[in-house]
Amino acid sequence: MTGPGEIDRVAGLSGRAAALGPGVQASLELLRRNVDRPSAARVYDCILGGVHHFGIDREFADRQLELMPDLRRAMVANRDFLGRAVRHAVSRGVRQFVDIGSGLPTAGNVHEVADRHAPGECRVVYVDNEPVAHAHADLLLAGTADTRRHRAVRADYLDHGALWRAVLDTDVIDPAAPICLLVVAMLHFIAPERQPGNAMEFYRRQLPPGSLLVISHGCDELDDPGIRAVVRNYAQTTAAAHLRSRDEVAAFFGDFELVPPGLVWTPEWGETGPDRWSGPPARSRYLAGVARKPGAAGE
Ligand SMILES: C[S@@+](CC[C@H](N)C(=O)[O-])C[C@H]1O[C@@H](n2cnc3c(N)ncnc32)[C@H](O)[C@@H]1O
């Protein structure tokens, strides 16, 4: 049985919710009404070794790991890609980040990586539609971040106009300066009939020239019974999964220019340590790329 104490503990709040204002309280209320099935965000946290999950999430995660033992290292490789993409953006002079589908912050969050490479300079807005992810992001930021530069909002990727307004309402992001938009390991939770490409086109239009778009996505190229079963099982969670082909993933970048090495498996993107991945890169299952909006920054 998942009681209020367990919910506060998992959200990382333990007695501190009141201090975090009405937004977190509302997220907690929503969370209390949504613990009857596994959540994709909490299952991801569980598999990555985090602490923000319930029994129902752990049972689901264990079953998927039995079906697909590679799942954990595929998720770790995705998380590592996210860190390398942020480092790349900072090295290209980008200082603003919007992370849609940010999930439950485990180690290596965007603001932590960005601040490591450009201390005190980067601004980050985290966005997720999952109450526990939002409640915890608020808490993490209240405890470890600079709230003038780092914020979290709860919004849905598909509700693109409202999401972008909420991001700009934080006053953290300057819409005229290059932005790194991250949509990492999130689009495969959106069914084709919801037409995620339309929302992505809207986001691409909002970004000024010189901005970067970072995407990773579960790909259906390496088909096997394990991954098929896991994808089927995600229908029991808060977010059913939908793998896409390489061409479908590439289409999310529109006319942005992919930076080398292009759209590749996560372990193949950027400089990885020699010990990070062994075996065929396709077993990471996630395709990843970073693309730049054409034109000079400031145009
Ligand atoms: C697997 S996690 C990825 C976390 C992080 N981006 C990473 O790659 O490490 C996917 C996240 O996307 C979020 N998500 C799914 N559908 C969403 C939507 N329509 N709008 C916003 N967030 C969404 C989930 O709540 C979850 O936290």
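Close-up 1. With 26 C-beta neighbours inside 10 Å, Arg285 counts as buried. The word "buried" here means that 20 or more other C-beta atoms lie within 10 Å of a residue's own, while 12 or fewer make it exposed and anything in between partly exposed; C-beta atoms are placed from the backbone. This is a predicted model, in which local features need pLDDT of at least 70 and side-chain atom pairs count only at pLDDT 80 or more, while totals for chains, interfaces and linings use all residues. Residues are numbered from 1 along each chain as its sequence is written. Arg285 sits in the loop between strands E7 and E8 (286-292); helices (H or I, at least four residues) and strands (E, at least two) are DSSP runs numbered from the N terminus. Its phi is positive, about 70 degrees, although Arg285 is not a glycine. Most residues other than glycine have a negative phi.

Close-up 2. Which residues of E8 are buried on each side? Tyr286, Ala288, Val290 and Arg292 are buried on one side, and Leu287, Gly289 and Ala291 on the other. In a regular strand the side chains alternate between the two faces of the sheet. Strands pair if DSSP finds at least two bridges between them. Strand E5 (residues 212-218) runs antiparallel to E8, joined by 7 bridges, and His217 stands opposite Leu287. E7 also pairs with E8 in the antiparallel sense, over 2 bridges, with Trp265 as a bridge partner of Leu287. E6 and E8 are antiparallel too, with 2 bridges; here Glu257 has Arg292 as its bridge partner.

**Close-up 3. Strand E3 beside E2.** All 5 of the 5 residues of E3 (residues 150-154) are buried. His150, Ala152 and Arg154 point one way, and Arg151 and Val153 the other. Strand E2 (residues 123-128) pairs with E3 in the parallel sense over 5 bridges. Look for Tyr126, which stands opposite Ala152.

**Close-up 4. The largest nonpolar core.** A nonpolar core is a set of buried Ala, Val, Leu, Ile, Met, Phe, Trp, Tyr and Cys residues joined through C-beta atoms within 7 Å. The largest one has 81 residues, and those with the most contacts inside it include Val86, Phe97 and Ile215. Helix H5 gives the most to this core, with 10 residues. Residues are in contact if their C-beta atoms, placed from the backbone, lie within 7 Å. Leaving out residues up to four places away in sequence, Ile215 touches Val183, Val184, Leu187, Val249, Phe252, Phe253 and Gly289. In soluble globular proteins, nonpolar side chains tend to be buried together.

**Close-up 5. The shell around the ligand.** How many residues surround the ligand? There are 23, and the closest are Ala41, Gly101, Gly103, Glu130 and Tyr157; a residue is near a molecule if its C-beta atom, placed from the backbone, lies within 6 Å of it. Helix H3 (40-47) and helix H5 (71-91) are the elements that give two or more residues to this shell. By class, the shell has 14 nonpolar, 5 polar and 4 charged residues. Here Ala, Val, Leu, Ile, Met, Phe, Trp, Tyr, Cys and Pro count as nonpolar, Asp, Glu, Lys and Arg as charged, and the others, Gly among them, as polar.

How values were computed. Two residues are in contact if their C-beta atoms, placed from the backbone, lie within 7 Å.
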